[in-house]
Amino acid sequence: MKEQMTWQELPIGGVITEAGNSVEYVTGGWRAFRPVIDFERCTHCLLCWLYCPDVSMQAVAGKLTGVDLLHCKGCGICAAVCPPQVITMVAEAEFAGEKEGVR
Ligand code: SF4
Ligand code: SF4
């Protein structure tokens with residue numbers, strides 16, 4: 001993953017010069033709320049994985065495994081589309097001091 005650029009290093013106008021480079025940017029820092037999944041009640045339908053605009057829902061072999069918090073922006077779409085309503089959007093302040101990553 002690239003180091004964060006300073007504003008002086010950004011392309012003029014914020015133009016994206018390389019395709020598929022979003023993974024190199026830690027957009028999780030924008031988040032005010034994070035999705036917390038109740039895996040006891042998750043049915044692994046993967047609708048959250050399908051709808052997440054940041055490809056932040058992680059799945060392995062058809063099972064939901066966690067959230068990529070380095071890139072999740074906290075939009076809440078996953079919580080809105082989850083049929084059994086097992087995703088809760090929790091204020092980031094509740095996790096102050098915790099390390100970011102996949103959880
Ligand atoms: S809150 Fe938004 S960005 Fe984060 S996992 Fe859910 S749908 Fe994706
Ligand atoms: S939408 Fe809800 S039930 Fe379906 S995989 Fe995601 S968290 Fe689990």
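## Overall picture

Accessible areas come from the Shrake-Rupley method with a 1.4 Å probe, and for residues only the protein chains shown count as cover. By that method, the chain exposes about 6,900 Å², and carbon and sulfur atoms supply 59% of this area. This is a predicted model, in which local features need pLDDT of at least 70 and side-chain atom pairs count only at pLDDT 80 or more, while totals for chains, interfaces and linings use all residues. Residues are numbered from 1 along each chain as its sequence is written, chains are lettered from A and ligands numbered from 1 in the order in which they are written, and side-chain values use heavy atoms, with hydrogens and water left out.

Along its principal axes, the C-alpha trace spans about 45 × 30 × 20 Å. The chain has 103 residues, and 29% of them are buried. Here, buried means under 20% relative accessible area, exposed means over 50%, and partly exposed lies in between (1.4 Å probe, protein chains only).

## How the chain is built

Let's walk along the chain. There are two helices and four strands, and from the N terminus on they run β-α-β-β-α-β. Both kinds of element are DSSP runs numbered from the N terminus: helices are H or I with at least four residues, and strands are E with at least two.

How much of the contact in the chain joins residues 24 or more positions apart? Such pairs account for 65% of the contacts with a separation of 6 or more. A contact means heavy atoms within 4.5 Å.

## The nonpolar core

A nonpolar core is a set of buried Ala, Val, Leu, Ile, Met, Phe, Trp, Tyr and Cys residues joined through side-chain atoms within 4.5 Å. The largest one in this chain has 15 residues, and I37, C48, M57, L64, V67 and I87 touch the most other members. The elements that give two or more residues to this core are β3 and α2 (77-81).

Not counting residues up to four places away in sequence, I37 touches C42, M57, L64, V67, V86 and I87.

C78 sits in helix α2 and is buried, because its relative accessibility is 9%. Leaving aside neighbours within four places in sequence, C78 is in contact with P35, C48, M57 and I87.

Y51 lies in helix α1. Is Y51 buried or partly exposed? Y51 counts as partly exposed, because its relative accessibility is 46%. Beyond neighbours within four places in sequence, Y51 is in contact with I77 and V81, and its C-alpha atom is 10 Å from that of A79, a residue 28 positions away along the chain.

T27 is found in the segment before β1 (33-37). With a relative accessible area of 12%, T27 is buried. A polar atom of the T27 side chain lies 3.0 Å from the backbone oxygen of H71. Apart from neighbours within four places in sequence, T27 is in contact with L70, H71, C72 and K73.

F95 belongs to the segment after β4 (87-91), and F95 is also buried, with a relative accessible area of 12%. F95 and F33 are 62 residues apart in sequence, and their C-alpha atoms are 9.9 Å apart in space.

## Two positive phi angles

Most residues other than glycine have a negative phi. H44 has a positive value, near 60°. H44 is in the loop between β1 and α1 (47-51) and counts as partly exposed, because its relative accessibility is 22%.

A61 has a positive phi too, near 50°. A61 lies in the loop between β2 (57-60) and β3 (63-67), and at 78% relative accessibility A61 counts as exposed.

## Around the two ligands

A residue is near a molecule if one of its heavy atoms lies within 4 Å of it. Ligand 1 is surrounded by 14 residues, the closest being C52, C72, C75, G76 and C78. By class, this shell has nine nonpolar, three polar and two charged residues. Ala, Val, Leu, Ile, Met, Phe, Trp, Tyr, Cys and Pro count as nonpolar, Asp, Glu, Lys and Arg as charged, and the others, Gly among them, as polar.

Which residues are around ligand 2? They include C42, H44, C48, L64, P83 and I87. The shell around ligand 2 divides into 10 nonpolar, two polar and no charged residues.

Terms used. A polar contact is a pair of N or O atoms within 3.5 Å; within protein, one must be able to donate a hydrogen and the other to accept it, and residues adjacent in sequence count only if both atoms are side-chain atoms.
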